[in-house]
Amino acid sequence: MTDSVIPRLILILWPLALVDMIVGTSWLSLVLGGVFAIYLIASLRTAHLGDRLFAVAVTGLALLILTLDRRLADLPAIFARTVVFAAFVPSAQFLRSLAESDLRVARYRDALQQQPQSARPIWLLIGSAVLGSVMTVGAVAILSPLFADLCDEDSRREDAVAALTGTALAINWSPFFVAMAVVTAFFPMVPFWQAVSVGLGLSFLGLFLAFAMLRVADPFVTGIRAMRALGGFVPMICVAGLMVVLLRVEGGFSTLEAGCLAIPPLGLLLVATGARSRSEARTRIKHTLQVTRMRIKRVGLEIGIVALAFMLGLVLRDSPTVDALVMYLQLDGIPGPLLLLLIPAAMIVSGLLAVHPIVSASLLMALFAGNHSGVSDLALLGATLAGWSAAAMLSYSGLLMMVTTSVTAVPRSRLILSRNTLFGPAFALAAALLLATLDRAMV
């Protein structure tokens with residue numbers, strides 16, 4: 001059953017979840033939530049022990065808080081809101097499969113292969129930051145065939161770290177990452193365009209800092225050349241971002257829902273602007289759907305891990321018990337600038353302790369979002385995004401780290417104990433200083 005029926009549940013949930021986003025009927029959401037719960041429970045049978053323990057711990061904590069809040073009856077409705085991940089993950093896989101065969105990406109990879117070894121980190125950093133803004137962790141997989149040979153361990157590690165860093169910096173602003181969806185859910189009063197703008201500024205700050213730390217001649221000139229090589233893909237990213245913003249602002253969809261709904265037309269746009277004929281376009285779409293189907297069948301509890309953590313975040317966000325804890329601990333007395341540094345620092349430490357960023361971010365935002373008068377919601381939102389980005393570079397259990405290790409064959413320990421050991425905290429500090437300055441200027 002697990003090998004055949006269970007993977008097909010996601011293939012069924014994917015289109016139905018998209019329909020539910022548009023139609024928005026409560027009964028359909030609850031039915032899909034029930035089917036998704038069956039998928040998660042069945043996936044536990046083949047999951048790693050660590051994933052099982054994580055799923056049980058997160059679910060147990062959510063049940064405990066709901067019990068203390070006397071809201072246990074709300075669990076089905078809360079869990080039903082996680083069904084969006086049954087559409088988000090397959091949609092992201094579809095976009096990744098489509099981009100792998102895109103001529104613009106192929107041209108960039110060809111140009112990267114011609115670069116000297118000294119320039120490769122810059123090109124991989126830029127390429128992963130740009131491609132990762134739409135393809136998320138799939139950007140590392142797309143660029144991985146260009147990494148140095150396995151026999152050259154040091155160069156391969158250097159390439160992997162560069163791609164890991166660039167993709168992690170895209171987390172700061174891209175609406176196609178789970179991070180933006182989770183963080184904006186805790187700060188509903190912050191206009192979405194402001195969240196994206198602040199995140200984009202943090203991403204540029206990180207790139208600037210990464211360039212400065214790389215021992216490469218003329219890193220900024222090399223970075224501009226790499227960006228020009230991706231020129232044909234950048235307009236697609238701008239269109240994708242605009243589509244998500246419009247769906248989020250004008251359509252009233254959540255960030256995750258807007259991302260899911262934007263991916264199909266974005267995929268058609270990629271095919272229409274990249275294919276040379278209608279027959280080639282049809283062939284590409286057919287091949288992409290086949291590859292996507294194969295990849296979805298290999299996805300196990302990974303979807304469930306993110307969904308359960310998101311469920312915990314929803315429980316924490318609306319918990320009177322958590323609000324009472326904040327008042328008891330008098331967390332409102334922490335100076336604003338210090339808080340903007342403590343949030344990313346706590347997320348980095350949690351990541352090193354194998355706590356997924358979605359869990360640490362949810363806990364921290366439940367404590368401070370709307371409960372701290374010394375700093376604006378926009379600044380807290382930015383600090384959380386910066387913390388998520390920095391933690392992704394160093395988190396032992398993060399999806400980005402696991403994907404990078406899987407496709408590059410570089411051990412996680414060597415990716416963590418790299419220049420990111422210094423870059424991650426340095427970026428968090430620089431982001432905190434920038435956000436504190438902006439927050440003071442807005443007062």
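I will start with Ala160, which is placed in helix α9, residues 153–170. Helices here are DSSP runs of H or I with at least four residues, numbered from the N terminus. This is a predicted model, where local features need pLDDT of at least 70 and side-chain atom pairs count only at pLDDT 80 or more, while totals for chains, interfaces and linings use all residues. Residues are numbered from 1 along each chain as its sequence is written, and side-chain values use heavy atoms, with hydrogens and water left out.

Back to Ala160. Its relative accessible area is 0%, so Ala160 is buried. Buried means under 20% relative accessible area, exposed means over 50%, and partly exposed is in between, with a 1.4 Å probe and protein chains only. Leaving aside residues up to four places away in sequence, Ala160 touches Phe147, Thr404, Thr408, Val410 and Leu415; contact means heavy atoms within 4.5 Å. From Ala160 to Ala99 the distance is 20 Å, C-alpha to C-alpha, and 61 residues in sequence.

Next, the core. The largest nonpolar core has 156 residues, and those that touch the most other members are Phe36, Phe85, Phe187, Leu340, Ile358 and Trp388. Helix α20, residues 377–394, gives the most to this core, with 13 residues. Such a core is a set of buried Ala, Val, Leu, Ile, Met, Phe, Trp, Tyr and Cys residues joined through side-chain atoms within 4.5 Å. Take Leu340: beyond four places in sequence, Leu340 touches Val375, Ala379, Leu380, Ala383, Ala432, Leu435 and Ala436.

Now the rings. There are 7 aromatic pairs in the structure. One of them is Phe36 with Tyr39, stacked at 6.3 Å centre to centre and 10° between the planes. Rings of Phe, Tyr and Trp (its six-membered ring) pair if their centres lie within 6.5 Å; planes under 30 degrees apart count as stacked, over 60 as edge-to-face and the rest as tilted. Phe36 and Tyr39 are about one helical turn apart, because they are 3 residues apart in helix α2, residues 26–43. Phe36 is buried at 0% relative accessible area, and Tyr39 is buried at 1%. The pair Phe423 and Phe427 is also stacked, because the ring centres are 6.2 Å apart and the planes are at 15°. These two are 4 residues apart in helix α23, residues 420–442, again about one helical turn. Both Phe423 and Phe427 are buried.

Which residues of α15 are buried? They are Ala281, Arg284, Thr288, Val291, Thr292, Arg295 and Ile296. They are on the same side of α15 because they cover an arc of only 135° around the axis, taken from the directions from the helix axis to the C-beta atoms. The face turned away from that side carries the exposed residues Arg282, Thr283, Lys286 and Met294.

Last, two loop residues. Arg70 is not a glycine, yet has a positive phi of about 60°. Arg70 lies in the loop between α3 (49–68) and α4 (75–80), and is exposed at 81% relative accessibility. Ala354, also not a glycine, has a positive phi of about 70°. Ala354 lies in the loop between α18 (336–352) and α19 (357–368), and is partly exposed at 38%.
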